[in-house]
Amino acid sequence: MMKETWLADLRRFVAEDHVKMDEPLHLHTLTKMGGPADIFVAPTTEDEVAYTVKYAYDNEIPLLMLGNGSNMVVRDGGVRGIVLTFKKLDGIMINGTTVIAQGGADIKKVSRAAADGQLTGLEFACGIPGSIGGAMAMNAGAYGGEIKDVIVRATVLTKEGEKLVLTKDELELGYRKSIITKKGFYVLAAEFGLEIGEQRVIDAKMSDLTFQRESKQPLEFPSAGSVFKRPPGNFAGKLIQESGLQGRGFGGAEVSTKHAGFIVNKNNATANDYIQTIEMVKKAVFEKFGIDLELEVKIVGEDMA
């Protein structure tokens, strides 16, 4: 089969134990759902990333960037082709008021590293689940701050395996979108420009934001985070709550009773349970308010055969 060939070819350049066949993706998603990836690659160097991306492009193999699996629902049949994760590319470096983080670094850890370096500007990200690459792609934001407020430049890889350095303007960061998603780029590293702050003030702000997040979000259950984008002039969670959907769902998936904008994996939910619950929410909100909720999460893969 083709995947045996892909496995052998990729293991010539990427360490053998970092390239796996039929890897269960529920081990790598925050929803704890998802079928197997034909090939799962976790590179440890930018050269390994470039090789994997170019190999997929040259051989016309589907390639999916997983990040840390925070904003994604992987269907139960899994993903055909190659799934790429940057989990092992997670370095963080501070140079003066500049923070440089690799694409696989956890944005919460980057926020904490900045705070520990007495730098202010990234406090808003202290509770965002996701990698730097995912945060860049979606221009992640929370509590009045966004990636575009602090980004200076990013190093990306094109689908063809070419490395580019893009400035803030070239990244075209908007509400949950960027040139990264538009062109299918892969984020190798990001550089943030921050300011020196007062440690006591930085720590107090991060403590406050952490408390707000923990008290309002259903962190006790696996989920894909906020499921829907904010509709113009409204809030998805408010619309869902007013539709009386909290506590409802399919199988082991449920609209959170703590925060209606979240759908949680409450009891060994399948991806099909989760997707059916999403569709139920979209239908109910449209019928009640005439608003078509747009997904913030990405649904990928194939249904179970």
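Glu 296 touches Asn 71, Met 138, Tyr 175, Arg 176, Ser 226, Val 227, Phe 228 and Lys 229 when residues up to four places away in sequence are not counted, a contact being defined as heavy atoms within 4.5 Å. The structure is a predicted model, in which local features need pLDDT of at least 70 and side-chain atom pairs count only at pLDDT 80 or more, whereas totals for chains, interfaces and linings use all residues. Residues are numbered from 1 along each chain as its sequence is written, and side-chain values use heavy atoms, with hydrogens and water left out.

Glu 296 lies in the loop between helix 8 (271-289) and strand 18 (298-300), where helices (H or I, at least four residues) and strands (E, at least two) are DSSP runs numbered from the N terminus. At 16% relative accessibility, Glu 296 counts as buried; the classes are buried for under 20% relative accessible area, exposed for over 50%, and partly exposed in between, with a 1.4 Å probe and protein chains only. Ser 226, found in strand 15 (residues 223-226), is by contrast partly exposed, with a relative accessible area of 29%. Leaving aside neighbours within four places in sequence, Ser 226 is in contact with Asn 71, Gly 261, Phe 262, Glu 296 and Val 297. The UniProt annotation "active site", from an unreviewed entry, covers Arg 176, Ser 226 and Glu 296. Although these three residues are spread over 121 residues of sequence, they cluster in space, the largest C-alpha distance being 11.9 Å. A further UniProt annotation from an unreviewed entry, "domain: FAD-binding PCMH-type", covers residues 33-232; UniProt positions are given in the numbering used here, feature names are shortened, and annotations may be inferred rather than shown by experiment. The end C-alpha atoms of residues 33-232 lie 31 Å apart, and the span is 26% helix and 30% strand.

An open sheet of four strands has the order 1-2-5-3, with mixed pairing, two strands being taken to pair if DSSP finds at least two bridges between them. Strand 1 (19-24) and strand 3 (63-65) are the edge strands, each of which pairs on one side only. The twist averages 35° from one strand to the next, with axes taken as lines fitted to C-alpha atoms, for helices over the stretch in contact, and angles running from 0 to 180 degrees between N-to-C directions. Helix 2 (residues 46-58) packs on the sheet, touching strand 2 (36-41), strand 3 and strand 5, and the direction of helix 2 makes about 155° with that of strand 5. Strand 3 and strand 5 (residues 79-84) pair in the parallel sense over three bridges, and Val 83 in strand 5 is the bridge partner of Leu 64.

Antiparallel pairing occurs elsewhere in the chain. Strand 6 (residues 92-95) and strand 7 (residues 98-102) pair in this sense over four bridges, with Met 93 opposite Ile 100 in strand 7. Two residues separate the strands of this hairpin, in which Gly 96 takes a positive phi near 65°. Strand 7 also pairs with strand 13 (residues 186-193) in the antiparallel sense, over five bridges, and Val 99 stands opposite Phe 192 in strand 13. Strand 11 (residues 151-157) and strand 12 (residues 163-167) run antiparallel and are joined by five bridges, Ala 154 standing opposite Leu 166 in strand 12. Their hairpin has five residues between the strands, and Gly 161 in the turn has a positive phi of about 95°.

The buried residues of helix 3 (residues 107-116) are Ile 107, Val 110, Ser 111, Ala 114 and Ala 115. These residues cover an arc of only 140° around the axis, which puts them on the same side of helix 3; the arc is that of the directions from the helix axis to the C-beta atoms. The buried residues of helix 3 pack against strand 6, strand 7, strand 8 (119-120), helix 4 (132-138) and helix 6 (199-216), while the face turned away from the buried side carries the exposed residues Lys 109 and Asp 116. Helix 3 is followed by Gln 118, whose phi is positive, near 65°.

Val 255, found in strand 16 (residues 253-255), is buried, with a relative accessible area of 1%. Val 255 and Thr 277 are 22 residues apart in sequence and 7.5 Å apart in space, C-alpha to C-alpha. Not counting residues up to four places away in sequence, the residues that Val 255 touches include Ile 240, Leu 245, Phe 262, Thr 277 and Val 281.
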